[in-house]
Amino acid sequence: MSVTNLLKGHEKDLGGGLMVRRFLPSAVKQAVGPFIFFDHFGPLDVPLDADHDVRPHPHIGLATVTYLFEGAMDHRDSLGTVQRIEPGAINWMTAGSGIVHSERTPKDLVGKPHRTHGLQLWAALPVAHEEEAPAFHHTPAGEIPELDIDGAKVRVLIGSAFGQTSPVKTFSQTLYLDVVLQAGHELVLDNLPAEAAVYPISGELEVDGAPLELHTMALLNTEGPQSVKARSEARLVVIGGEPLDGHRFMYWNFVSSRKERISQAAEDWEAQRFAPVPGETDWIPLPAKKPSA
C-alpha cells in the first residue's frame, strides 16, 4: 500500500479573516519527519482593510519554516533581524532556547489590493539541539536548486533529491520539495526518507493511481518508490525526514521533549523575560489556559 493514511486537517481562524488549514500535529500522527506543524493559508485576495499582522510572540525548541507562493511579509525578531519574505525563498528561524518574532504586512502593500498564499511549517529540533542558540537564515529564491524532470518542475527547498541539495542547513535529515506537474505527467519519488508525505496545493493528483483530494495530506509508505501523477496541471509539496527522537510536548508556540521546559517558557513570556523585538512595542499575551505541569 503506497498511502498509509490520509490527514484531512482542520480550519483555524488566525484573526482578521485569515483562515488556515492545519494538518500537523494530528491525532493520527504528531509529526512527519521533523515537521510537527503544517499550516496552509490562502490563496486569498486580501481585503483592503485587513489586519493580518502577527504581533511579537515567542518560540522554543523548534525551527519555523516559512514559504510563500504569493504575497509578502516582513519578518522581525529579537536578534535584530529584519527580512522581507517573498515567494520562492526559504526562511528558517531556529528558536532553540528562545526567540521572539513578528510577521507584518509590508508598508507598500498596506491598503492595496494583493494576494497571500503560503505554508508555515515548524520543524521540532532534535533533543540534543532543543536549546540551540537562536538564529535566522534567509535563502533567496534564486539560491534554491530547481530542475525539470519530464513535465515536472522540482524545487529542492530543503534536503536532497534528484541529485540536487538545498543550501538550507538543518539539524536532522529533512526533505521539503515544491513540485509543479504538467497535466498527464508523473513524478516518481524514490529514495525517500523514513517518513514522508505528499500535500496537493492545487490541481488534481493521483498517488500510485489513487486520487488525492485537495486539502488532504497523504502519508506515504517509504519502503519503495511512489508515483505522483497530475490529472490536471497541479502543484504539490513533499515533506519528510528521519523520525523524531521521542514525543514532543506542545503548548501554544512552544515545543519541547520536557513538560517542565514548556512551563518555564510560559512563565518567562508572562513575566516578559524574553528578549524583545527591536522597534516593537506590542506583543501577544500568553493564552488564558496555562500548560499542565
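How many cavities of 30 Å³ or more does the count come to?

Mentor: The model is predicted, and the count comes to two cavities of 30 Å³ or more. I shall take each cavity in turn, then the annotated residues, and finally the open pockets and the strand pairing.

The largest cavity has a volume of about 40 Å³. Its lining is made up of Pro-34, Trp-92, Ala-123, Ala-124, Leu-125, Pro-126, Thr-170, Phe-171, Ser-172 and Thr-174. Sorted by class, these lining residues are seven nonpolar and three polar, with no charged residue.

The second largest cavity has a volume of about 30 Å³. The residues around this second cavity are Thr-64, Thr-66, His-75, Ile-85, Asn-91, Met-93, His-101, Glu-103 and Phe-136. Strands β6 (62-70), β9 (90-94) and β10 each give two or more residues to that lining. By class, the lining of the second largest cavity has three nonpolar, five polar and one charged residues.

The second largest cavity leads directly to the annotated site. In an unreviewed entry, UniProt carries the annotation "binding site" for His-57, His-59, His-101 and Glu-103. These residues are spread over 47 residues of sequence, yet they cluster in space, the largest C-alpha distance being 13.5 Å. From this set, His-101 and Glu-103 belong to the lining of the second largest cavity.

Two histidines of the set can be described in detail. His-101 is placed in strand β10. Its relative accessibility is 2%, so His-101 counts as buried, the cut-off for that class being under 20%. Apart from neighbours within four places in sequence, His-101 is in contact with Arg-55, Pro-56, His-57, His-59, His-75, Arg-76, Asp-77, Met-93 and Val-277. The annotated residues His-57 and His-59 are therefore among the contacts of His-101.

His-59 has its place in strand β5. His-59 likewise counts as buried, at 2% relative accessibility. With neighbours within four places in sequence again left aside, the contacts of His-59 are Thr-64, Met-93, Ala-95, Gly-98, Ile-99, His-101, Trp-122, Asn-253, Phe-254 and Phe-274. Thr-64 and Met-93, which are among these contacts, also line the second largest cavity.

The annotated set also meets the open space of the model. About 1000 Å³ of space lies in the largest pocket. This pocket is lined by 35 residues, and those nearest its centre are Leu-14, Asp-39, Val-54, His-57 and Glu-103. The elements that give two or more residues to the lining are β2 (10-13), β3, β4, β5 (54-59), β10 (99-104) and β11. By class, the lining of the largest pocket holds 14 nonpolar, twelve polar and nine charged residues. Two members of the annotated set, His-57 and Glu-103, are thus named among the residues nearest the centre of this pocket. Glu-103 also lines the second largest cavity.

The second largest pocket holds about 190 Å³ of space. It is lined by 14 residues, with Ser-160, Ala-161, Leu-175, Asp-190 and Asn-191 lying nearest its centre. At least two lining residues come from each of β15 (160-161), β17 (174-181) and β18 (186-189), and β17 gives the most, with three residues. The lining of the second largest pocket divides into eight nonpolar, five polar and one charged residues.

Strand β4 pairs in the antiparallel sense with β3 (residues 19-24) over four bridges, and Val-20 has Phe-41 as its bridge partner in β4. Strand β4 also pairs in the antiparallel sense with β11 (residues 114-124), over nine bridges; there, Leu-44 stands opposite Thr-116.

A final word concerns the wider region. For "domain: Pirin N-terminal", an unreviewed UniProt entry lists residues 21-122. Over residues 21-122 the chain is 0% helix and 59% strand, and the end C-alpha atoms are 14 Å apart.

Methods
Residues numbered from 1 in each chain as written. Predicted model: local features only at pLDDT ≥ 70, side-chain atom pairs only at ≥ 80, totals over all residues. Heavy atoms only, no water. Pairing = 2+ DSSP bridges. UniProt positions renumbered as here; feature names shortened; annotations may be inferred. 1 Å grid on protein atoms, 1.4 Å probe; cavity = no way out; pocket = protein on both sides within 12 Å on 5 of 7 lines; lining within 4 Å. Points joined across faces, edges and corners; volume = space filled by probe spheres on them. Nonpolar A, V, L, I, M, F, W, Y, C, P; charged D, E, K, R; others polar. Buried < 20%, exposed > 50% of the residue type's maximum accessible area, 1.4 Å probe, protein only. Contact = heavy atoms within 4.5 Å.
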